[in-house]
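Try each task before reading its solution.

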Amino acid sequence: MPKVQRLDPLVAERIAAGEVVERPASAIKELVENSLDAGARQIIVELVGGGMHLLRVIDDGCGMSAEDVKLALERFATSKIRQWEDLDALSTLGFRGEALPSIAAVSKLEIHTCEAEANHGTKIRVEGGVLVDESPSPALVGTRVTVEELFYNTPARLKFLKSAAAETSQVVDLLTRMALTQPEVHFQVRSNQREVFLVTSKMTLPQRMAALWKVPLEDLVEVNGEVQGVEVRGWVAKPQHARPTRNHQLFCLNGRIIKSASLSQAVLEGFTPLVSKGRYPVALLHLSIDPSLIDVNVHPTKAEVRFAEARAPFRAIYRSIATSLEEHSADSVQPQHWDLIEEPPVAAADPPAWRESSPGYQAPPPRPQLPYRAPSPGLAATLELFKPIEMAPHGPRIQVLTQLYRTFIVAQVDGELWVVDQHTAHERIWYEKLAHLQPLDGPRQGLLVPEIIEFSPPQAALLEGSLAEIQSFGFEIEPFGGTSFQMRSLPSGVKPGRAAGIIRDLVDQMSSEQISLRNHPQEVVREKLRAMVSCKAAIKAGDPLSVDEMESLIREMLEVEHSNYCPHGRPTRIKLDDRALERLFHR
Ligand SMILES: Nc1ncnc2c1ncn2[C@@H]1O[C@H](COP(=O)(O)OP(=O)(O)OP(=O)(O)O)[C@@H](O)[C@H]1O
Ligand SMILES: [Mg+2]
């Protein structure tokens with residue numbers, strides 16, 4: 001056996017550098033992070049040959065003294081922490097004191113730096129980790145780091161680099177992300193002396209997103225929420241802009257860009273069911289968490305972090321997105337979005353275009369044709385044709401006029417004309433009802449003969465796993481030996497003949513979408529089941545309704561929250577008051 005010997009420090013440095021600097025983009029990441037930590041408001045990045053020949057980062061940050069810059073090139077020398085405990089309150093991107101020495105070990109590095117009050121700056125040059133020059137430089141406040149011939153002394157690493165174009169694209173991708181997470185900082189990026197992008201500090205975050213990710217500004221929806229101490233702020237693009245990869249998703253935790261499949265999944269949950277499988281919504285989200293609740297020291301390039309309360313960021317993201325999308329679709333469901341006069345009422349009730357074109361959007365079931373009446377000649381004629389039927393005088397005055405195409409209820413509600421989509425409206429009513437536990441002694445209907453429902457073994461296991469959730473919605477159902485289940489009673493309002501079908505559909509959907517407590521947090525499962533039960537229990541398009549049923553549906557609508565759109569964001573009604581009618585008739 002050969003003898004054990006200590007490595008030459010320069011060789012050791014070169015080996016260690018491999019952990020931090022993998023390619024030009026990783027060197028740029030470290031240098032730009034240093035500029036940000038130095039309080040820079042302007043950062044210019046230049047590349048020649050994809051950064052393999054030369055890369056340079058210029059900033060207007062605090063600069064360094066001659067003494068500090070030499071120390072900064074030593075491994076484990078940093079101005080950002082003093083002791084281990086400081087990691088719990090970290091507010092900078094760097095903390096290891098490894099980036100500059102790593103880059104210096106595998107390139108020809110030159111730093112020009114100058115502090116605010118200094119008479120002159122310092123220039124320092126290091127090649128392969130060896131100091132070759134140190135001299136004064138002009139008093140230009142800030143720092144300019146130039147890296148030439150990256151990996152010139154590590155040929156194996158050099159071989160793994162891609163073409164200049166591919167390396168440039170990685171750098172631009174990285175800088176795009178950084179520019180999106182630092183909205184106050186001016187970023188300018190040049191490659192082979194041509195400008196690649198420029199974002200000024202005057203551009204807002206959504207403007208930057210629109211410019212850099214090519215999403216129309218008006219299709220960005222603001223997200224803002226807080227759950228269990230995790231604050232989420234940012235923007236998502238409407239569902240039709242979802243992409244086939246996660247490249248247009250960006251998560252920033254306390255100012256640090258992080259990768260996380262779980263947070264990406266949370267975005268998807270927030271968009272459910274508006275985005276189809278294999279598509280990823282465009283999202284830029286900033287999370288703020290007390291730094292003592294996260295561990296940033298788990299990955300060599302600091303790209304991953306660990307959360308003390310792993311579920312909290314997931315919940316915060318998915319809830320904030322779902323709420324924002326709901327609120328947004330509520331805003332966009334205003335009568336002025338439809339041209340009720342030019343189009344027959346059927347087309348007028350279609351959802352707004354952006355939902356219709358979104359891949360996850362499911363068209364409502366085809367409308368049954370009215371066998372004996374020609375399509376409605378228009379709203380005014382509809383009012384003429386159907387004699388109002390007077391309803392109970394107390395409370396809001398509701399006069400049901402008619403049911404159109406067995407799908408829409410036309411009614412006058414306190415002097416306004418309403419066209420209600422019976423399915424989406426009833427779906428919302430159920431959804432709100434199920435927000436609260438349905439106690440087993442609450443209003444319910446017992447079945448005269450308990451119903452026995454059979455399942456396949458995997459489905460039975462799935463149902464058993466979420467039985468508590470399903471029971472909490474008011475279905476009294478329990479295992480009945482083997483793979484059978486027995487249902488004794490149902491939540492009031494569900495048609496008894498439909499109950500077994502609802503449970504069967506529910507289990508089918510759970511197995512096809514792999515919804516289970518093993519794959520999702522409990523509240524996500526509950527939320528999905530709640531939406532499914534609401535959809536299945538609700539009156540369908542095509543169901544004939546009596547005047548009493550229509551009236552009580554509108555009355556219930558008036559009682560629940562968010563009643564003007566369904567849980568999936570589709571509108572439940574169109575409302576026209578006298579002013580809207582006057583506008584439509586150009587009065
Ligand atoms: N652009 C800059 N402007 C001012 N000071 C800088 C700049 N770049 C580096 N420094 C100083 O040099 C020190 C060493 O930088 P280096 O990147 O090696 O380590 P770090 O940022 O402290 O930690 P990390 O290895 O995690 O990046 C920093 O702590 C900082 O004080
Ligand atoms: Mg650093």
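**Exercise 1. Describe how H2 packs against H6.**

Solution. Start with the handedness: H2 and H6 cross in a right-handed way. A crossing is called left-handed if the near helix is turned anticlockwise from the far one by less than a right angle, and right-handed if clockwise. The model is predicted: local features need pLDDT of at least 70, side-chain atom pairs count only at pLDDT 80 or more, and totals for chains, interfaces and linings use all residues. Residues are numbered from 1 along each chain as its sequence is written, while chains are lettered from A and ligands numbered from 1 in the order in which they are written.

Helices (H or I, at least four residues) and strands (E, at least two) are DSSP runs, numbered from the N terminus.

Next, take the geometry. The axes of H2 and H6 (residues 164-181) come within 8 Å and cross at roughly 30°. Axes are lines fitted to C-alpha atoms, for helices over the stretch in contact, and angles run from 0 to 180 degrees between N-to-C directions. H2 is therefore roughly parallel to H6; angles under 35 degrees count as roughly parallel, over 145 as roughly antiparallel, 65 to 115 as roughly perpendicular and the rest as oblique.

Finally, list the contacts (C-beta atoms, placed from the backbone, within 7 Å). From H2 come Pro-24, Ala-25, Ile-28, Lys-29 and Val-32, which meet Glu-167, Gln-170, Val-171, Leu-174 and Met-178 of H6. Sorted by class, this contact has seven nonpolar, one polar and two charged residues. Here Ala, Val, Leu, Ile, Met, Phe, Trp, Tyr, Cys and Pro count as nonpolar, Asp, Glu, Lys and Arg as charged, and the others, Gly among them, as polar.

**Exercise 2. Classify the packing of H13 and H17.**

Solution. Begin with the angle: H13 (residues 422-433) and H17 (residues 522-537) pack at about 135°, their axes 8 Å apart. H13 is therefore oblique to H17. The crossing of H13 and H17 is right-handed. On the H13 side the contact uses Glu-427, Trp-430 and Tyr-431; residues of H17 in it include Arg-530 and Val-533.

**Exercise 3. Which residues come nearest to ligand 1, and which helix gives the largest share of the shell?**

Solution. A residue is near if its C-beta atom, placed from the backbone, lies within 6 Å of the molecule. Of 22 such residues, Asn-34, Ala-72, Thr-78, Gly-94 and Ala-99 come nearest. Helices H2 (24-37) and H4 (99-105) are the elements that give two or more residues. The largest share, four residues, is from H2. By class, the shell has seven nonpolar, nine polar and six charged residues.

Notes. Two residues are in contact if their C-beta atoms, placed from the backbone, lie within 7 Å.
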